[in-house]
There are 2 protein chains.
Amino acid sequence: MGQNKYTIVEHGNIVSPKGFQAGGLHCGLKKTDRNDLGLVLCDVPAVAAAVYTTNAIQAAPLKVTRDSLQNGTLRAVVVNSGNANACTGKQGEEDAYTMRSLTAAQFGLSAEDIAVASTGVIGELLKMDRVDSGIANLPGQIGGKPESAEAFNQAILTTDLVKKEACVTVTVDGNPVTIAGAAKGSGMIHPNMATMLGFMTTDAVISHDALQQLLRSATDLTFNMITVDGDTSTNDMLLAMASGLADHQVLTPEHKDWDAFAEGFSYVCRVLAKAIARDGEGAKRLIEVTVTGAECDSDAQAIAKTIIGSSLVKSAMFGADANWGRIIAAVGRAGRPVNPETVDIAIGPIAVLEQSRPLPFDEEAALAYLQGDTIHIDVDLHIASGSAVAWGCDLTYDYVRINAAYRT
Amino acid sequence: MGQNKYTIVEHGNIVSPKGFQAGGLHCGLKKTDRNDLGLVLCDVPAVAAAVYTTNAIQAAPLKVTRDSLQNGTLRAVVVNSGNANACTGKQGEEDAYTMRSLTAAQFGLSAEDIAVASTGVIGELLKMDRVDSGIANLPGQIGGKPESAEAFNQAILTTDLVKKEACVTVTVDGNPVTIAGAAKGSGMIHPNMATMLGFMTTDAVISHDALQQLLRSATDLTFNMITVDGDTSTNDMLLAMASGLADHQVLTPEHKDWDAFAEGFSYVCRVLAKAIARDGEGAKRLIEVTVTGAECDSDAQAIAKTIIGSSLVKSAMFGADANWGRIIAAVGRAGRPVNPETVDIAIGPIAVLEQSRPLPFDEEAALAYLQGDTIHIDVDLHIASGSAVAWGCDLTYDYVRINAAYRT
């Protein structure tokens, strides 16, 4: 491994890249007084790209955002939490279009300049009077300060306990380019973009095709490799906007500094994805599963996701129990090639299985390791060189408590 | 629907069919004093069939049972609980073969007459001295009384709270034929035979091929349609033995009474499967999901299993929360054709979604219904006529508690 091609910006945020402002406020969609409406605004038309949930039932805002993205540019994205505007029929679709047009009117933009995102309860109509007055108050809340980014970060959260943001700079043609992101997650998180919203901003000069391609490939190795509970939501999207206000030749995969940009972009995605997994509903611990020695990367991904998605593995991690039998059972049921005789498993520094045979290990040391806040599970299949990393969290009493009465 | 072609036998059990004896005892594999070693014995060579877990990592006893079943007949099956004898390498395989030969010696049979099954913790070697003395004591415990069946039923349980058994009679060529079954389940239950053991006995005269085919098709609609936690174990098997001591022409699908026999057989499988789902680890409620109007039965099965497997749906049912948004989100992520505009959902007698639009419903009535011990979820996709039923249970604090420290 060489040196990182990016520099982490401490306290960097979604408005750190040139050309972006943000803000958020409480308009009454959440029962608490937490922010529930937010906006990211670009001073110039931003090159934009998005990836969406694979769920066959898709919420109304996704339709609107797809429509706005047809020309490949955006000026802003308006987001509400507290209500997903999903399974709300024609009225829901109208409401999402209304959110878009109200926002456009407030900021003197055209409707197609605006993307819309929603997260929260499914199947209830948006209280549009509250959305309306909220949007009317947005212009006074928008700015380029850290507090503005913070207000936006808070506005997109649901059962999340902490905000998720990350920021790096990379050097392109000798000049600095900034990349930032903010996200929300928590429940219904599963590979293929489940209840999460993510927003990336950058001042890079980049083509739409290059941005879309990078967003897709970075998502596959980050947001699509996390799971909290195996459920995939109707509302997820990850949206990227590039203001083009940095000073360099347009970025494409052929640009000499493309790798640096792609690495920085992927790093921001990875930080956000891991933060979502760590903040999974009720989670006490982040679990990172690394699978090596698979027939191909795709097999390794499927096996890593099966392990990280196993309720039995997740419960054992909650109990700090080095129950590797559940790990190998998950390996075996992933439906990908496994040699039953050649599996190694380590839990952190502790090797527990070698060539599919149990190793004696120090239970006290294992307990001490498993009580930490990050747990590494490493599986080597010894077949070929396919590898993957997936992230998840433990299954706790609090997950059940939170989800037994989410609506009430 | 016509009349049932079978008659339920109250208190019928695994030794009700002619020719079978059973028994169980405690030999020291469980930490408590509950039975942990059991046997079903047939007085004559029984035509036998089996289906096994689809997990790529398979426990040693499955290899031994496959070997014994090569000639299509069995005299007995010996079962232990408390230790799965899985991931135990060459020694585990030797131990499983030793269980078989010790049992054969005690009962004056040949090794190939005996099937072996194990359930419990993965990755620990069997305490063979205890197995050895247990098997030596089995002959004195075997009999044809209800207490004998009860001792066997207890011997196969792990975290199960209740025994699972069922028995019916059907009429073939004017004479009675009895079909019975016993099973264990609880955790790691998932479509495709996850940590469950099932044993079927019958005095029918039937060919091996016909029995194998019936076992497979009945399993697909019963044991393979239940899930507790999405995990598939290394040890599952369902074994059927037919003594041939009833008085009728040999049963094949061409026999005029085949349908009656198949219906009775499937009924016993269904009762056991539902009992396993209801007794899922920590479960408070049985959930029955019926999907109709799918493009084909296979689509309906996949969608029903996705709903019943959703941690969010399961948590909501624990909380008696009519959160149908999670149900439709599960429908959408099953990866099968769905028309987003035409989905109906009912929770018991309460219609909550019609043509994908929320219906107003009485929350008090829904709460009262959801506090019952069986919850029906009905989904109509209005595409074509594919249908399926799946069974599962709610996700509770107790599931997490049980699985956070299973080994300790």
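Reader: Before we dig in, what counts as partly exposed here?

Author: Partly exposed sits between buried, which is under 20% relative accessible area, and exposed, which is over 50%. Bear in mind that this is a predicted model.

Reader: OK, so where does Asp373(B) fall, buried, exposed or in between?

Author: Asp373(B) has a relative accessible area of 49%, so it is partly exposed.

Reader: And which residue does Asp373(B) form a salt bridge with?

Author: That's Arg278(B), with the closest N and O atoms 3.6 Å apart. Asp373(B) is in the loop between α10 and β14 of chain B, while Arg278(B) belongs to helix α6, so the bridge ties together parts 95 residues apart in sequence. Arg278(B) counts as partly exposed too, at 34% relative accessibility.

Reader: How many salt bridges does the structure hold over all chains?

Author: There are 24. One of them joins the side chains of Arg285(A) and Asp394(A), at 3.6 Å from N to O. Arg285(A) sits in the loop between α6 and β10 of chain A, and Asp394(A) in the loop between β15 and α11, 109 residues apart.

Reader: Is that pair buried or exposed?

Author: Buried: Arg285(A) has a relative accessible area of 10%, and Asp394(A) is at 2%.

Reader: What about Glu150(A), which residue does its side chain meet in a salt bridge?

Author: Lys163(A), at 2.7 Å from N to O. Glu150(A) is in helix α4 of chain A and Lys163(A) in the loop between α4 and β6, 13 residues apart. Glu150(A) is partly exposed at 27%, and Lys163(A) is partly exposed at 33%. Glu165(A) joins these two residues in a network of salt bridges.

Reader: Switching topic: what's the strand order in the open sheet of six strands in chain A?

Author: The order is β13-β12-β11-β14-β10-β15, with mixed pairing. β13 and β15 stand at the edges with a single partner strand each, so one side of each has no neighbour in the sheet.

Reader: And how do β11 and β14 of chain A run, parallel or antiparallel?

Author: Antiparallel, joined by four bridges. For example, Ile345(A) has Val379(A) in β14(A) as its bridge partner.

Key:
Residues numbered from 1 in each chain as written. Chains lettered and ligands numbered in written order. Predicted model: local features only at pLDDT ≥ 70, side-chain atom pairs only at ≥ 80, totals over all residues. Heavy atoms only, no water. Pairing = 2+ DSSP bridges. Helix = DSSP H or I, 4+ residues; strand = E, 2+ residues; numbered from the N terminus. Salt bridge = Lys/Arg side-chain N within 4 Å of Asp/Glu carboxyl O. Buried < 20%, exposed > 50% of the residue type's maximum accessible area, 1.4 Å probe, protein only.
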